[in-house]
Every structure is written in structure tokens, then in C-alpha cells.
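Hi,

Here is the model I promised to pass on.

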Amino acid sequence: MVAESRLHVPRTPARPGDAPDFSYLKLSPAGKLARPDAGVPASETRYLSEGLVRVLDEEHRAIGPWNPHLDAAELQVALRHMLMTRVYDDRMQRIQRSGKISFYMRSYGEEAVSVAMAMALRPSDMLFPSYRNQGLYFVRGRPVLDLMCQLLSNTRDMCKGRQLPVMYHWRDGNIFSISGNLATQFPQAVGWAMAAAIKGQDAIAVSWIGEGSSAEADFHHALLFASVYKAPVILCVVNNQWAISTFQGTAGGERQTFAARGPGYGIAGVRVDGNDFLAVHAVTQWAAERARTGRGPTLVEHVTYRAAAHSTSDDPARYRPKDDYEKFPLGDPVERLKNHLIGLGEWSEERHRALIAELDEHIASSWKEAVSYGTLTEAPRLDPGLMFEDVFAEIPEHLRRQEAEMRDEMAGK
Amino acid sequence: MAQMNMIQALNSAMDIKLGQDPSVVVLGEDIGFFGGVFRVTDGLQRKYGESRVMDTPISEGGIIAAAIGMAVNGLRPVAEIQFADYIYPGYDQIVSELARIRYRSAGEFSAPVTVRTPCGGGIRGGQTHSQSPEALFAHVAGLKVVMPSNPYDAKGLLIAAIEDDDPVIYFEPKRIYNGPFDGDPHKPAVPWATHPKGDVPEGHFTVPIGKAEIVRAGSDLTIVTYGTMVHVSEAAARGLGLDAEIIDVRTMVPLDTDTICNSVARTGRCVVVHEATRFAGFGAELSATVQENCFWNLEAPILRVAGWDTPYPHAFEWEYFPGQARVTKALKAVMEAS
């Protein structure tokens, strides 16, 4: 017998020099997929996990059963948060290049995911984000100044100088601390939701990971525990097509959607156009109702695109076509919401430009204030003694001794 | 001989083994098409194909476990874990499986896997890109543990690790990938071309696992160290004008006790230096080994220099890092003890 097995290596559709190729991406027309009752059995969500929930059509009209029918004022707020995310990201990226901050990660192209979800949730719902969910903080009202101070590790840094830039947290805003290690927050969100069920809380938990990180075992821990205990949680795979240089096929997306893993675990699965603010909002409302009414968890796959580099340490020109994002079939989330509002007669290019200018100015003045509290390399600086606090609730003797040694060392003794 | 930095030396080691031995495969996150986030595997997939240089899912547990399975079926996998800080999802597979397969099967099965992983700080990487977890692996029976301090050793030790029939955890101090570092971040970077160990043979050679190296002979005291701290220790001793004997441990397991203890028996004084946290760090093992073997020769207590017992703090990197000031203070104390 001649062996016929050959190692299969997932195909990456386009590399630098190739024409962008999104033929692998299965799309459903806007308005096409039915919206079932939020209590539908998980096994009856297979069509939702394999199709694509979309509300905005090619002409930027909201159509079909998933249309959340939000009023124009709410959509304008959404656009503001999404633009805020983008303007902030752009400015911080440029500032990182100038050396004032050590590192940055943009969420360019993925702004609708965070903004729509946070707007569709309640402020008491607990969020377990990844490092690409900036919009959550803006929707929940955290001043951008506070985020900047974290990036600068300065005297107003919420992390007291201990964390890399973008690893924010906000207890009072119900947003958990970002780890830096991948996917760890996913099963933790399930545990938080289990506790909510144990305590009889009305709140639900929500978590986000990239499709790349869904390869970690933590993803499976999360789905298993969520399924076993019917935890009130929404688990999101943000499929932005790229994990640094690695295409989503290598994370397991080649022959099956990520959302389809939900029904496999007995969990509802929904695949949504992550660049369609209205669709993401509607799916979040649906999954939140399902969780809040005791009908269990939902796995949501957001189909989107990481339009920026993975981080300021990355150069995507090395591994994907330069014009890939321009050809992405689901377009740009900001442009789509803008065009929808313009179609409704509730927005204009002029107002759009004015809003960007306003946000730019706000970011610039906030930055000016932020650096007045110090930067990574310029005074005023945090006291390095802070590194010894919060290792434990109380500083043990050996750390007190080390702190004294460090102070001697700093004093040249 | 050729001029190489550590990245090129490591690349050359894998290139040679992939070329010589069809059972060698390389796997990890972003290591194939992209060539690795530190470029260590650059060009290898193009040369040896996608079945021998594999981009994997982001699953450290999966990478280690699959490497074990491949090794059991006769391959010699070289697995890259992108940062040592990300190795823990694979820790169960390393500690409970990789380390013990030969033992529990009475030698019928074994898994000659090399796990390469960048470690150490000094690159503004914060708590998740700066750790030195070698002690967590040195403590596990059945694992060989290696950390080179220069390009020559990096290549020779990596070839030796791949050829070794036991699992090897191979730590790469990322701060010195491109040049030696004396602990002062304000000085301009120095390339490996300025250092004798940047001269590396282009072909096959090995540096034996289990052998420390006396990188500087001396008689005043013995500094036992490894990785980035070899260079910091050299600079500190030079700054004090000490005739220090500096030992680069190179292999934590199995430890070259003879080279270390013969030196301390001669000098009578010993300072142990590493970047990892101090408490229950590998320095405790080194210190205990010296004490047990050299007690009657010692003229001063053995001192340890290490990172503080906290997570690696982003903003206080240089207050945390055991730089020349901390090493110097210990050297003085050991020299002044009567």
C-alpha cells in the first residue's frame, strides 16, 4: 500500500505581491437571515452560526428582521464613539513613533465591534476585553485623558507603571484588567457569569478574543463551562482574519466558521458582519436577552478585518497584500454607519469633518494635559517603590528589604 | 568563520540541522512565512517547505503536545514559543509529559524535543514579555535547561540540543540578540561584530550541554552567572578593577558543578548573578551547590544578585533590572568581608 496521507497546510489566499482574494469569505445578503426568538434551542442556531447576520445593505439602508430600529440620535452617538476610537488610535500610533510611549495597538477597522456591543449592553454588565477593544471605554465614559496616562506610565497611570500600554482596566466601569497573555479572560468571564447566576445578579458577562487566540485551550474551557452551567455570558470571537502574520485558516477557520463551534458545544452560535454597527448591536441585544433570561450563553463571531498592524512592533507589508483592506468585502465600519446616517438625512460630510476636527482637538488638548503628568522618560515620574506594592495585599518583609535595597541603589549608596 | 549576531547564529543552527537530518522539523507561531517575530527562523520555510517549517495555531499547549507526538514517531521537533512569558499553557505538557516519557515507559518511548523561547527583559516589554522562568524548568526532573550568552554558544548549544536524545528547554536572552549588553540602557547599542564570540563557524559544530565556561580567569573572586548577566557582571568587575573569575553557566541542567566549585575553591569568594527573581530562583541552587562543596574554602558569605521579587514592571524596568550598580555592591561586599 502506498501511503496517501499528506500533511495539510491551510492555504493563505494572498501574500505580498498577490491580488487580494476574499473568495473564501462566505457572505449572506443583508436582511436575509431570520431572527429567531432569543430562547431558541442552541441546535436551531446552526444557520446563524454558518450564515452572516447583516442589516446594512449595499445602499447603506437598514433592512430585515435584525434591524434594531435605533433612533438617529443614538446612531450619531455611535458614530462619535467609533470616530473617537479611530482618531485616538491614529494619534497614539504617531506618538509612539516619536518615542513618547513604548508600544501601541490600534483597533482600526474593528471599531463597530466594541462600540455597538457596549451600547447594546447595560453598564452593570461585566466586560472582559482583549487589547483591541478601545471603544468599550469611550462608550462607558472613561475620559481619554485617563487612557493616555496609562499609555505614558505617568503619575496618573491607573496601572501604576506596571503594565504595557493599552493594558487598561476600570473597576468602576465594570471593565476587567487586560492580561497580555492571550485568551485567559475568556473562561474568566464565564466564571464571573456563573457567580452572577449563583448570586442572583441581573448582570451578564461579555468577553472578546481574536480568532487567532481561539486556538488556545482557554477558548475550549470557556465554551465547556458556559455550556455545562448555562452561564449568562456572551463569548465573542473577533475574526479579523490575521493573527500577526498568520491567516485565520491556521486558527481553524478554513472549513468551518468559528461561530459554528457554539452549537457543537450546545451553545447558540451567531456569525455577524462585524463592520455593520446595526447588525452587531442587534445580535448583542439578542444574546443579552438570551443570557439575562436564563436561556444560556451565545458564541458570537464578528467577521471583520484588522486594518492596522498587529502592534507598533509589526509590519504587515511583510505578510499580506498592501491593498488587502481596501478590497475587504465588508467595507469600513465607520464609513458604513456614516453613509447610513447620510441616507437617513441625519448626517453630512460636513458634519463628519467637523466631528473629526472636534475629536482631534479634544485628543490634542487631552494629550497636552496627559504629558504634564509625566511620560515614561520625563518627570514627574511615579515612585519606583510602587513596584513592590500590590504583589500581595500587604507588603511582606522580604519585599520591604528589597525596596530599601532599591532605594539605596537609586541613591548611589 | 563568519560574523553573526545571536539571531543569525540560531538560524544557522536550525538551517544546518534541517539540511542534515530529514527528521528535524521546526514549528511555532509566525515562524514560517514570516520568519518569526524576532526573525530567528527567517528563510527556513522557503528553503525546507511548509511540512518541515510549520506555522501553528496560537496554542502553546498544542505546540508542545504535537511536538511530543512527532518526536515519539521519530521526528526531532524544534518548537518555538514566541515569548517565555507565553510558555505556561504548555507547562503541563512539558512538566507532566515531556520530562517523564522516557522514565515512565522504562525507556521504550522518548521525546527528543527542543523548545526554544526568548526570555529576559530590558526591551520595555512589561510583565508579559520580560520574564526569566528558567528555575521553573530546572526544578523539573527530566528536562535539560540551557541559556547561551553569545552567538558562538547559541549556535553550538542549539545544534547540541537538537541532537540530544532528551528534551531541552532552550532560553534565548532577547536583550542580547543583536549585541552584548552591559546593563546601561543609555549607552549606544553595541553589535556582536565587536565581540570575539560574534565569530561563529558557518558549518556544523557543537558546544556540549552540561559544560560551563570560564569566560574570564581571575583570582579575586568567582562570579557565577549566565545569559545577559554575563556581560553586566564583566562590566561591573572591570569597573571595580577586580581580577574576577567569571563563569558562564550556559547549562542549568545538568549543572557543571566541577567548573564552578573548582573555581570557588581557588578564589574563596563567590557572587551569583541572574536576572530572574531572587526567591527560589536558580541562584539558590548555585549558591547551595557552592556552599556544600566549598564551605571550608569560603572566605565570605556567598551573595546573590537578582531581579526583585515582583512582576517585571513596565515603567520601572531599570530600577528592577539587576544592573551594574547592584552587581558592584555585591562584589564589594564579598571582597570586603574578612
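**Chain B: domains and overall form**

In chain B, the domain assignment gives domain 1 (2–200) and domain 2 (213–336); such bounds come from an automatic or database domain assignment. Before going further: this is a predicted model, where local features need pLDDT of at least 70 and side-chain atom pairs count only at pLDDT 80 or more, while totals for chains, interfaces and linings use all residues. Residues are numbered from 1 along each chain as its sequence is written, and chains are lettered from A and ligands numbered from 1 in the order in which they are written.

The centres of domain 1 and domain 2 of chain B, taken over C-alpha atoms, are 25 Å apart. Their contact takes 30 residues from domain 1 of chain B and 27 residues from domain 2 of chain B (two residues are in contact if their C-beta atoms, placed from the backbone, lie within 7 Å). On the domain 1 side, the elements giving two or more residues are α6 (134–138), β6 (144–146) and α7 (151–163) of chain B. Helices and strands here are DSSP runs numbered from the N terminus: H or I with at least four residues for helices, E with at least two for strands. That side of domain 1 of chain B divides into 13 nonpolar, 10 polar and 7 charged residues. For those classes, Ala, Val, Leu, Ile, Met, Phe, Trp, Tyr, Cys and Pro count as nonpolar, Asp, Glu, Lys and Arg as charged, and the others, Gly among them, as polar.

What about chain B as a whole? There are 12 helices and 14 strands in chain B, and its C-alpha trace spans about 60 × 50 × 40 Å along the principal axes. A compact globule of 338 residues would have a radius of gyration near 20 Å, and the 19 Å of chain B agrees with that (taken over C-alpha atoms; the globule rule is 2.2 Å times the number of residues to the power 0.38). Of the 338 residues of chain B, 60% count as buried. Buried means 20 or more other C-beta atoms within 10 Å of the residue's own, exposed means 12 or fewer, and partly exposed is in between, with C-beta atoms placed from the backbone. Among contacts in chain B with a separation of 6 or more, 77% come from residues 24 or more positions apart.

**The sheet in chain B**

Chain B has an open sheet of 7 strands in the order β3-β2-β4-β5-β7-β6-β12, with mixed pairing (two strands pair if DSSP finds at least two bridges between them). Its edge strands are β3 (53–55) and β12 (251–253) of chain B, each pairing on one side only. Strands β4 (residues 76–80) and β5 (residues 114–119) of chain B run parallel and are joined by 3 bridges; in β5(B), B:V115 is the bridge partner of B:A79. Helix α3 (residues 60–72) of chain B packs on the sheet, where it touches β2 (24–28), β4 and β5 of chain B, and its direction makes about 170° with that of β4(B). Axes are lines fitted to C-alpha atoms, for helices over the stretch in contact, and angles run from 0 to 180 degrees between N-to-C directions.

**Chain A**

Chain A also has an open sheet: 5 strands in the order β1-β2-β3-β7-β6, with parallel pairing. β1 (126–128) and β6 (268–273) of chain A stand at the edges with a single partner strand each, so one side of each lacks a neighbour in the sheet. β6(A) pairs with strand β7 (residues 298–303) of chain A in the parallel sense over 6 bridges, and A:V270 stands opposite A:V300 in β7(A).

A:I175 lies in the loop between α5 (144–152) and α6 (185–199) of chain A. A:I175 is buried, with 20 other C-beta atoms within 10 Å.

**Where the chains meet**

Between the chains, 38 residues of chain A are in contact with 32 residues of chain B. Helix α12 (residues 397–410) of chain A gives the most to the chain A side, with 6 residues.

Cheers
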